[in-house]
Structures are given as C-alpha cells and as structure tokens.
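Trainee: I would like to go through this model one feature at a time. Please show it first.

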Amino acid sequence: MLDSAQLVGFAATADAVRARAFYESTLGLQMMAEDPYGMVFDANGTTLRIAKVKAVAPPPYTSLGWSVDDIEGVVRELTKRGVTFERYEGMSQDDLGIWSFGAARIAWFKDPDGNLLSVSDE
C-alpha cells in the first residue's frame, strides 16, 4: 500500500533558529518551507520535517541517517563545519570516528537538540 508513497522523515527541535542553521548551513540541506509548527527541508528528494516543540526528548538510537559514497570525505567535511562525531566504548572506531561492521561503515553525530544522526556507506 505505501510502497509507492513518498517517505517523509521527522525530527524535532526546541530551538528553530539553531536547528535551521545546522540543517541548512552545516548539513547543506535546502529549506523548502517554514511554518509555526516546523521547517521542511529537501534531503535529496526526501522531505525532512523538523517539528518545532517546547522540549526535545531525543531517542537513544539513530533517528536519521544518510547513505554516502565517500564516508571519510563526508566525515572530514562535517568535522570542518563543527560537527563532533560520537565515540562509543567497546566499538573500534577509527581516527575519524568511523566504525566498520562487515562491509558497512558508519559514523554518528548529534544535531543541536541531541537527535542522533549518522552517515554510512555499505
């Protein structure tokens, strides 16, 4: 039933100005619209809606992720833009914070509200 429907991703922010700067300037997503309830970004053809809320309770797991062709290049560029990549005890991550699991490689970072995001290649 939903196999032909367009997916919309959601995250939340308690500080729309800070979130807009992060998603638009740091991550490079194009802002499509803003209303009193949220902001809408184009994430390479997928709609990402950042809901404006009073308080964010970020989940302890990854809420949004991007599949990239050059994870090292993306991690380096995001680091230059001020993004700090997460380090997890017991996971052998390389100097950039990238964890390898079989053929997959992944690195995690948080948005200004603490939502856990990732970049990966497989």
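Trainee: Where in the chain is Q93?

Mentor: This is a predicted model, so local features need pLDDT of at least 70 and side-chain atom pairs pLDDT 80 or more, while totals for chains, interfaces and linings use all residues. Residues are numbered from 1 along each chain as its sequence is written, and side-chain values use heavy atoms, with hydrogens and water left out. Helices (DSSP H or I, at least four residues) and strands (E, at least two) are numbered from the N terminus. On that numbering, Q93 sits in the loop between α2 and β6.

Trainee: Is Q93 buried or exposed?

Mentor: Buried means under 20% relative accessible area, exposed over 50%, and partly exposed in between, with a 1.4 Å probe and protein chains only. Q93 has a relative accessible area of 15%, so Q93 is buried.

Trainee: Which backbone nitrogen does the side chain of Q93 reach?

Mentor: A polar contact is a pair of N or O atoms within 3.5 Å; within protein, one must be able to donate a hydrogen and the other to accept it, and residues adjacent in sequence count only if both atoms are side-chain atoms. A polar atom of the Q93 side chain lies 3.0 Å from the backbone oxygen of E86. At 2.8 Å, the Q93 side chain also reaches the backbone nitrogen of Y88.

Trainee: What kind of aromatic pair do Y88 and W108 form?

Mentor: Rings of Phe, Tyr and Trp (its six-membered ring) pair if their centres lie within 6.5 Å; planes under 30 degrees apart are stacked, over 60 edge-to-face and the rest tilted. That rule gives 7 aromatic pairs. For Y88 and W108 the centres are 5.4 Å apart and the planes at 85 degrees, so the pair is edge-to-face.

Trainee: How many residues apart are Y88 and W108?

Mentor: Y88 is in the loop between α2 and β6 (99-101), and W108 is in strand β7 (residues 104-110). Y88 is partly exposed because its relative accessibility is 28%, while W108, at 10%, is buried. The pair links distant parts of the chain, 20 residues apart.

Trainee: What is the geometry of the W99 and F101 pair?

Mentor: W99 counts as partly exposed at 21% relative accessibility, and F101 as exposed at 59%. Their ring centres are 5.3 Å apart with 25 degrees between the planes, and the pair is stacked.

Trainee: Why do the buried residues of α1 lie on the same side?

Mentor: In α1 (residues 16-26), the buried residues are A19, F22, Y23 and T26. The arc is taken from the directions from the helix axis to the C-beta atoms. They share a side because they cover an arc of only 115 degrees.

Trainee: Which exposed residues are on the face of α1 turned away from its buried side?

Mentor: F22 and Y23 also belong to a cluster linked by ring pairs, together with F41, F85 and F109. The face of α1 turned away from the buried side carries V17 and S25.
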